[in-house]
Structure formats: C-alpha cells, structure tokens
Amino acid sequence: MNQDQITAKLSQINSKGLEASFSLSEAALENAQKLAELNYAASKDALVNVQDGIQQVLTAKDPKQVTEILSADALQAASNQAVAYQKKVSKVLRDSNKEFSNVVESSIDQLQDGFQDWINTVAANAPAGSDVFVSSFKTAYGSALQGFEQFRAASKEAFATAEKTADQAIDAVQGQIAQVKKAATPASRGRKAA
C-alpha cells in the first residue's frame, strides 16, 4: 500500500466524520427552533393568563371574589401549564438525544469499519518479515477500539442521566405544587368556618 492509498483511506474516514458533524449541526438547529417555538407559545399563553387574571381581579366586587380567583385551583392550573411546557421541552431534548445517540453510534461503527478496512489493507500489503510490526499495529488498533467502546458507553450513560434529571425536575415541580395546594386547602376551610 503506497502513501497515496493510505491518504485516500484516511481521507475517506475523515469525510464520514464530517458528514456526521454536519448531521448533528442540522439536528441541533432544528431542535433550537423547536425550543424557541415552545418558549414563544408558553410566553404567549402565560401573558394571556396573566391578563385574564388581572382583568378578573380588577372586576371583582369584593375581597372574597379576589381570594377565590387566587385560589389553589388557579395555582393548579398554572402549574399544569408549567408541567405541560416542561414535558414538551423534555420531549424535544429526548428526541435530540436520540438523534445524537444514533449519530454517535453510526459514527463509531463507521470509524471502526473504516479503521478495520484500513488495518486489513495495510496487513495484506505489508512487506515480508513485518509480521511483528503488523501484530503490534493490530494490538494498538484493538486498544483504540476499546476507547471507542468506552465513549459509546459513556454517551449512553450521559443521555440516560439527562432524561432521568428532566423527569425528576417535572416530578419535583408537581410535588411542590401538590404541597402548596394541600397547604392552601385547610387554610381556606379554616377561614370559611370562622
């Protein structure tokens, strides 16, 4: 195998890496657009709800009506909106993670296949008497493959952790809202009894 063939093989491997990078960049832009649209819709909904709430408070005839407007049920409705928004954001992030994971998997597979092809070509074209060199070269290649596999495992773990953290955040918000509603309910009952 001459220098031009080696260079061509390495160039082919690098071009596949560039294709993966472009694919990831495109996916990142699409997901950023989805997140921007979600933020715009959530902001718009929140503004409409605040305006409605202000209008209801301004048209209230007595303090009891204002208290009813600002009840735990109103808080629950706002929290439901926040949780729904967080779930949509989490879905976009999950989809993004899946795309990224698929690209990582594909890239690792392509690199491994490309390097294996290159190693096989070098070994097949090695001059006589270079068995020791070829053997050590294959050993070094085996170590590099282990590094790829470690990266694959680490990326899967990172994606799983990110999804778990998003789920925990949603659960925490829902738990806090439930506590606030629970705490507000006995207080309003106590006021009615007094």
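Colleague: Which residues of α1 are buried?

Modeller: Lys9, Ile13, Ala20, Ala27, Asn31 and Leu38. Buried means under 20% relative accessible area, exposed means over 50%, and partly exposed lies in between (1.4 Å probe, protein chains only). The model is predicted, with local features needing pLDDT of at least 70, side-chain atom pairs counting only at pLDDT 80 or more, and totals for chains, interfaces and linings using all residues. Residues are numbered from 1 along each chain as its sequence is written, and side-chain values use heavy atoms, with hydrogens and water left out.

Colleague: How do you know what reach to expect of α1?

Modeller: Helices are DSSP runs (H or I, at least four residues), numbered from the N terminus. The expected span is 1.5 Å times one less than the number of residues. For α1, with 57 residues, 84 Å is expected. First C-alpha to last, α1 reaches 83 Å, close to that value.

Colleague: Why does Val50 count as partly exposed?

Modeller: Val50 sits in α1. Its relative accessibility is 47%, so it counts as partly exposed.

Colleague: What makes a nonpolar surface patch with Val50?

Modeller: Val50, Ile54 and Leu58 make one of about 300 Å². Patch residues have over 30% relative accessible area and no salt bridge; nonpolar side chains (Val, Leu, Ile, Met, Phe, Trp, Tyr) are joined within 5 Å, like charges within 9 Å. The areas come from the Shrake-Rupley method.

Colleague: How many salt bridges are there in the whole structure?

Modeller: The search finds 1. The term needs a side-chain nitrogen of Lys or Arg within 4 Å of a carboxyl oxygen of Asp or Glu. Lys91 and Asp95 meet at 2.9 Å, N to O, so they qualify.

Colleague: Which residues are closest to the centre of the largest pocket?

Modeller: That pocket has a volume of about 560 Å³. Of its 23 lining residues, Asn49, Val50, Ala77, Ala78 and Gln81 are closest to the centre. α1 gives the most to the lining, 11 residues. A pocket is an open set of points on a 1 Å grid where the probe fits, with protein on both sides within 12 Å along at least five of seven lines; lining residues have an atom within 4 Å of a point.

How values were computed: Areas by Shrake-Rupley, 256 points an atom, 1.4 Å probe, with all protein chains shown as cover. Helix = DSSP H or I, 4+ residues; strand = E, 2+ residues; numbered from the N terminus. 1 Å grid on protein atoms, 1.4 Å probe; cavity = no way out; pocket = protein on both sides within 12 Å on 5 of 7 lines; lining within 4 Å. Points joined across faces, edges and corners; volume = space filled by probe spheres on them.
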